[in-house]
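I opened the model and kept notes as I went.

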Amino acid sequence: MRLENIVVDAQDPIRLGGFWAAALGARPITEESDLFEAQLVLPGGDWLDLCFPRVPDPVQPDPRLHLDLSGGAHQRQVIDRLLGLGARHLDIGQGSVPWVVLADPEGNPCCVMEDRPEYADAGAIAALPLDSADPERDLEFWALLTGWRRTPGSVAHTLRHPSGRGPLLELCPEPTAKTTKNRIHLDLRFDTGDDPARWAERLIGSGGRPMEHDWGELPWQVWQDPSGNEFCLLAASERVSPSAAG
């Protein structure tokens, strides 16, 4: 099982996806009216796909999952570049903090982070903070799901890929209980030889649950973690590396 996609619901996929591809230096791989996808190469050569399907639901002011972007010593330059691409400053009550909160062109909050040791080798995305009703419990769930390992960080409950490269996954105490579908979620893909039924047993035993929905037949499975955060499980397939994609 591997983390493959960051999925962001979009009212205008091409506009929003184009912004994020430019912001992160990702290579567009699908540009359609209802779906924009771009591939982000991570330090060490691994990759994540950024997917922007058309979903007309309104943007949530306090998303349970958002992107923390690497800034560090170049924080001011990163902010200026994002503003030039169409971002805007956003006040969510953060007060005086060393990071800067922006909104993308559809109003999704993101943060441009200051320098932190744990962001070394993260790449363009420093971290993926995810709201949790019980961070210790959910850290164990996501460790099982991703194969990532607990790592020291500014957030007490943090996971990272065993390579020590790529973004952190941070389980953060939720300010309020979950009430609506997350507008940003993660997709994971089964490895060849994985037994989906066995995985289902393991995930249910760790507090996860298949999600009931009215979206019709889908070629992937929709699940929720113990705090109700949605994620999708994709069927095993041959991975396409950035170099092989051309």
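I call a residue buried under 20% relative accessible area, exposed over 50% and partly exposed in between, with a 1.4 Å probe and protein chains only. Helices (H or I, at least four residues) and strands (E, at least two) are DSSP runs, numbered from the N terminus. The model is predicted, so I noted that local features need pLDDT of at least 70 and side-chain atom pairs pLDDT 80 or more, while totals for chains, interfaces and linings use all residues. Residues are numbered from 1 along each chain as its sequence is written, and side-chain values use heavy atoms, without hydrogens and water.

**Entry 1: helix H4.** I looked up which residues of H4 (residues 196-205) are buried, and found Trp199, Ala200 and Leu203. Down the helix axis they fall within an arc of 105°, so they line one face; the arc is taken from the directions from the axis to the C-beta atoms. On the other side, Glu201 and Gly205 are exposed.

What covers the buried residues? I found helix H3 (135-146), strand S15 (220-224) and strand S16 (230-234) among the cover. Contact here means heavy atoms within 4.5 Å.

I then checked both ends. At the start of H4, a side-chain oxygen of aspartate 195 comes to within 3.0 Å of the backbone nitrogen of alanine 197. That is a polar contact: N or O atoms within 3.5 Å, one able to donate a hydrogen and the other to accept it within protein, with sequence neighbours counted only if both atoms are side-chain atoms. After H4 comes glycine 207, with a positive phi near 105°.

**Entry 2: the sheet.** I traced eight strands in an open sheet of mixed pairing, ordered S2-S3-S4-S1-S13-S16-S15-S14. Strands pair if DSSP finds at least two bridges between them. S2 (27-32) and S14 (209-210) are the edges, each pairing on one side only. Helix H1 (residues 13-24) packs on the sheet and touches S1 (2-8), S2, S3 and S4.

**Entry 3: aspartate 121.** I found aspartate 121 in the loop between S8 (109-112) and S9 (125-132). Its phi is positive, near 65°. Most residues other than glycine have a negative phi. Aspartate 121 is partly exposed, at 48% relative accessible area.

**Entry 4: isoleucine 79.** Is isoleucine 79 buried or exposed? At 1% relative accessibility, isoleucine 79 counts as buried. I located isoleucine 79 in helix H2 (residues 75-85). Leaving out residues up to four places away in sequence, isoleucine 79 touches His89, Val100, Leu102 and Val112.

Definitions and conventions
Axes are lines fitted to C-alpha atoms, for helices over the stretch in contact, and angles run from 0 to 180 degrees between N-to-C directions.
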